[in-house]
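I list what I looked up, in the order in which I looked.

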Amino acid sequence: MDYKKYIAEKLNIEGLSAEETAAMLEVPPQSDMGDYALPCFRLAKTMRKAPPLIAKELAAKISADGVICEVSVAGGYLNFKIDRLHRAEDTVREVLEKGERYGSSDLGAGKTICIDYSSINIAKPFHIGHLSTTVIGGALYKILSFLGYKAVGINHLGDYGTQFGKLIVAYKRWGDKETIEKGKLRELMRIYVKFHEEAEKHPELEDEARHYFKLIEDGDKEANELFAWFKELTLKEVQKIYDRLKVTFDSYAGESFYNDKMQPVIDELKEKGLLKMSDGAAIVNLEEYGMPPCLILKKDGSSLYATRDMAAAIYRKKTYDFYKSLYVVAYQQDLHFKQFFKVLELMGKEWAKDLVHVSYGMVSMEDGAMSTRTGKVVFLEDVLDKCVEKAAAIIEEKNEKLENKAEVARQVGTGAVIFGALYNNKIKDIVFSYDKVLNFDGETCPYVQYTGARCNSVLKKGGEIGAFRAETLTDEEYALVALLDNFPNVVKEAAEKYEPSFVTRFAVDLAKAYNKFYIADKIIGSEENVKNFRLALTKAVHTVLKTAFALLGIEIPEQM
RNA sequence: GCAUCCGUAGCGCAAUUGGAUAGAGUGUCAGCCUCCGACGCUGAAGGUUGUGGGUUCGAUCCCCGCCGGGUGCACCA
């Protein structure tokens, strides 16, 4: 139940709606102060009274009922204690009733949100640099869907550019069909790297590459067949990774898709007098807004990144009529997004305000940046495999009699990789190291999974959950109740801030609280009513842990 | 140089959009399995929130300066 709203309605503060009052309520830092608090300092200005006096007057308006059991004034704070038994029963019942839908809502009903994420390049390996965008986007997709939005997942493929000319040259010189079918993206990368090495010594290779790229554009049969083959090969390979990460897409419209959709944008820019010539290139001047100019056309008349992104934004608005359109792209491109958002605004697209760059930190390696050109990359596939291997080794050591060992190792190992990318605020940089992802100690994915398995074990041993009433509550039990009650808010905030880590942190907090409870309070073997309540609580925790992790794309094994 | 982001315990991080005594983890040290799963739990130690000002009843959070670091800034995406 929404206690904030309940309190707000009771308070009925003059000049404030119940929603506004509810938004002012917060949870005190120590639980003995109360369950909710209203800081009265902000009211002091409009009410022209000292905060403690306001608190005192408001307190007089509220009398204890079956829900609020105590109201107290502490300085400028008005503290509320909720009837814990009421909250416990109410919350646990609600979770059990709603099951895996607990925390969901229809908040976004009728609204579409486009999410551009992962956006891999054709013929290039899926490396750890793609991990963040893929799992952040994937989690946002699930979180927004959970809240009733219609999410549209878009994989804006990098399927256009001279690199494909390079690849054809490389293939003709050093590649062969059989080896590539076998070695897949790694083999394509090998010949791509070789191209760059050779081009150092023989610059004429670059011209040849440009020539082949032109052939692709001109519709040359052989060049396009090769290109289509590269594309097919890539998508097939990459799909395996997406399946492992539980990430899905609704559209794969990439760069090449917008080739014929840029000219109207350029025409419109001209028409609106926004396009200026500068050093032979066509630009939109953004000096007025404190930004360098946005490049629209090169000297040779060909289009650029920003042009394509504008065409894509316009296409998406037309096709999906989005409420918001998100771009899950690393912060290196902050300026680029600011620029083309601004240009669209200048074009009079009022919906430009609904475009959001969901910026996140970059992944680097301990010895510097990654580069496909030099072949200095860590394949995501290898990371996943190594983590699964490590998980298998730990299972062998700690629980060798476990059934489905391989399946559990897959769940634990894969989860650890996703968890690692979604644990911290997304803006934080990540320095990749195998030691860190393979470290399973402390507040980690296996900790939460272990807790889930522990719940499952208790439930199995405890048998059927009979009728219960919350008659007494330990601090540990109440801490769990408060967390469970707050889960819907956590999901909402994660969606508002586009921050999946809120959900990850919540799962860890809930697991921690359950383990404390488990050690402190006996479940099976307690008096019947207490046992039933604690089993119900366990079931609720298990359910919410699974839901939270499912929103991130992580599974919780039944046993581990 | 200009713009922008970041700086919190030895380390990597959190902090309810400006709120009450800044929190967990890891590492170190000391404990807990004849009792529902020890991949668990308890305790100790660890802080001038980079720094100097300002705004405010109140600042880790907002503003200004400085220091340190990341990223971006014209025909790549």
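I started with N12, which counts as exposed because it has 12 C-beta neighbours inside 10 Å. The cut-offs I used: a residue is buried if 20 or more other C-beta atoms lie within 10 Å of its own, exposed if 12 or fewer, and partly exposed in between, with C-beta atoms placed from the backbone. N12 sits in the loop between α1 (3-11) and α2 (18-24). Helices (H or I, at least four residues) and strands (E, at least two) are DSSP runs, numbered from the N terminus. N12 is not a glycine, yet its phi is positive, about 45 degrees. Most residues other than glycine have a negative phi.

I noted the conventions next. The model is predicted, so local features need pLDDT of at least 70 and side-chain atom pairs count only at pLDDT 80 or more, while totals for chains, interfaces and linings use all residues. Residues are numbered from 1 along each chain as its sequence is written, and chains are lettered from A and ligands numbered from 1 in the order in which they are written.

I then checked S119, also not a glycine, and found a positive phi of about 35 degrees. Is S119 buried or exposed? S119 counts as buried, because 21 C-beta neighbours fall inside 10 Å. Its loop runs between β4 and α6.

β4 pairs with strand β5 (residues 150-154) in the parallel sense, over 5 bridges; two strands pair if DSSP finds at least two bridges between them. I115 has G153 of β5 as its bridge partner. From β4 the chain passes through helix α6 (residues 131-146) to β5, and this β-α-β crossover is right-handed. Right-handed here means that, with the strands pointing away from the viewer, the path from the first strand over the helix to the second runs clockwise. β4 also pairs with strand β9 (residues 324-330), parallel again, over 4 bridges. There C114 stands opposite S325.

Next I looked up the open sheet of 3 strands, whose order is β1-β3-β2 with antiparallel pairing. β1 and β2 (68-74) are at the edges with a single partner strand each, so one side of each has no neighbour in the sheet. From one strand to the next the twist averages 20 degrees. I counted 4 bridges in the antiparallel pairing of β1 and β3, and in β3 the bridge partner of A37 is N79.

I then looked at G525, in the loop between α19 and α20 (528-552). G525 is exposed, with 8 other C-beta atoms within 10 Å. G462 is 63 residues from G525 in sequence, and their C-alpha atoms are 8.9 Å apart.

Last, I took the domains of chain A: domain 1 (3-82) and domain 2 (112-259 + 304-365). The bounds come from an automatic or database domain assignment. Taken over C-alpha atoms, the centres of domain 1 and domain 2 are 51 Å apart.

Key. Axes fitted to C-alpha atoms, helices over the stretch in contact; angles between N-to-C directions.
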